[in-house]
Amino acid sequence: MRAIRYHDTGGPSVLTVDEVPRPGPGCTDVLVEVRAAGVNPVDVSFREGAYPTDLPATAGLDVAGVVSAVGEDVTAVEVGDRVCATGVDGAYAEYALAPANNVAQLPDDVSFVEGAAVGLAGVTAWQAVVHYGSPLPGKTVLFHGGSGGVGHIGVQLAALGGARVIATAGAADRRDRVRDLGAGDVFDYAREDLGTAVADVGAPDLVVDHRPETYLELDLEVVAEGGTLVLIEGEFPETSTAFLSRVKELTIQAVSGLNAPDVGSTLGDLVGLIADDRLTVEVERTYPLEDAAEAQRAVVEDSYVGKLVVEPGA
Ligand SMILES: NC(=O)c1ccc[n+]([C@@H]2O[C@H](COP(=O)([O-])OP(=O)(O)OC[C@H]3O[C@@H](n4cnc5c(N)ncnc54)[C@H](OP(=O)(O)O)[C@@H]3O)[C@@H](O)[C@H]2O)c1
């Protein structure tokens with residue numbers, strides 16, 4: 001089978017199309033014939049060597065496709081089922097192994113591209129908004145980066161749950177699209193009076209931040225007394241201890257989508273919402289397998305609403 005691998009860490013040029021043996025499932029694995037693979041910024045971090053990885057490695061974490069084989073302990077899915085999964089060992093390939101706990105059935109009216117796109121971004125958004133934000137009715141949620149893969153799902157989950165949603169995004173057209181997804185107020189993240197603009201709408205009970213090195217001070221200023229700040233990425237600024245000493249009562253929570261409990265059932269809930277037309281996963285572009293390096297360049301350099309997807313069969 002063909003797989004996009006890297007034999008060394010580095011820039012997009014380390015990705016090669018390799019011919020490799022099809023993997024066999026261990027006891028708790030599901031072998032998926034990959035129809036679509038989601039592209040995430042963390043795929044680039046792995047390729048660049050930010051996390052310890054055995055080389056050569058196959059890129060990618062999110063897939064949707066058809067079950068080709070199952071390990072002897074797997075009972076939830078069968079050969080021939082349409083599924084999606086995250087936390088996969090090498091998604092940019094014609095076949096990929098998924099841990100059974102991270103697999104969900106894909107409803108017939110949800111496409112493979114949508115199923116692959118929802119993956120890690122959807123589970124992370126769910127953990128941030130539904131798991132740590134519920135009950136949502138009557139709450140105000142601030143989602144930084146509401147146009148991103150995680151953000152555009154998080155905005156919809158918060159609105160669906162009954163929260164008033166404030167989001168940030170870049171250009172005006174993307175801010176308009178985030179409004180269409182359910183955010184009542186969407187501000188340009190570059191504006192200098194962002195904190196005042198948010199505070200004028202109302203103190204957020206839940207703030208979801210992917211760049212605390214830039215926004216932590218603003219978050220602490222605007223978050224409601226007793227509120228929750230969820231961090232999905234980034235680092236604390238060096239000055240953090242200085243202003244943490246004057247902070248209000250709040251909970252600070254880190255989210256790791258890949259290590260969340262019940263990943264498979266959360267994915268099932270997400271694709272169920274898509275099937276019911278209550279959640280949209282925006283896919284900006286799809287790429288054939290051999291253009292995976294261009295997809296990885298785009299996921300960190302380009303701006304768009306939603307997700308990018310690689311299609312091995314295209
Ligand atoms: N903890 C976890 O398990 C987990 C899981 C998934 C992702 N993440 C991390 O969460 C972050 C978002 O992931 P993603 O998949 O949504 O990435 P993405 O699709 O690339 O989205 C990035 C978002 O950041 C916004 N942005 C760009 N520059 C910004 C700035 N200066 N200030 C504020 N926002 C800015 C973008 O807005 P425009 O495009 O409108 O400019 C976009 O909304 C990444 O750092 C990713 O690594 C963590």
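Helix H6 (residues 212-222) lies across strands S9, S12 (206-209) and S13 (227-231), at about 175° to S12. Contact means C-beta atoms, placed from the backbone, within 7 Å. Angles run from 0 to 180 degrees between N-to-C directions, with axes fitted to C-alpha atoms, for helices over the stretch in contact. Helices (H or I, at least four residues) and strands (E, at least two) are DSSP runs, numbered from the N terminus.

This is a predicted model: local features need pLDDT of at least 70, side-chain atom pairs count only at pLDDT 80 or more, and totals for chains, interfaces and linings use all residues. Residues are numbered from 1 along each chain as its sequence is written.

| Helix | Strands crossed | Angle |

The open sheet has six strands in the order S11-S10-S9-S12-S13-S14, with parallel pairing. Strands pair if DSSP finds at least two bridges between them. S11 (185-188) and S14 (250-254) are the edge strands. The twist averages 15° from one strand to the next. Four bridges join S10 to S11. Thr 168 has Phe 187 in S11 as its bridge partner.

Now the ligand. Its surroundings comprise 28 residues, with Gly 145, Gly 148, Gly 149, Gly 170 and Gly 257 the closest. A residue is near if its C-beta atom, placed from the backbone, lies within 6 Å. H1 (41-47), H2 (112-133), H3 (149-160) and S10 (164-169) each supply at least two shell residues.

Methods
Two residues are in contact if their C-beta atoms, placed from the backbone, lie within 7 Å.
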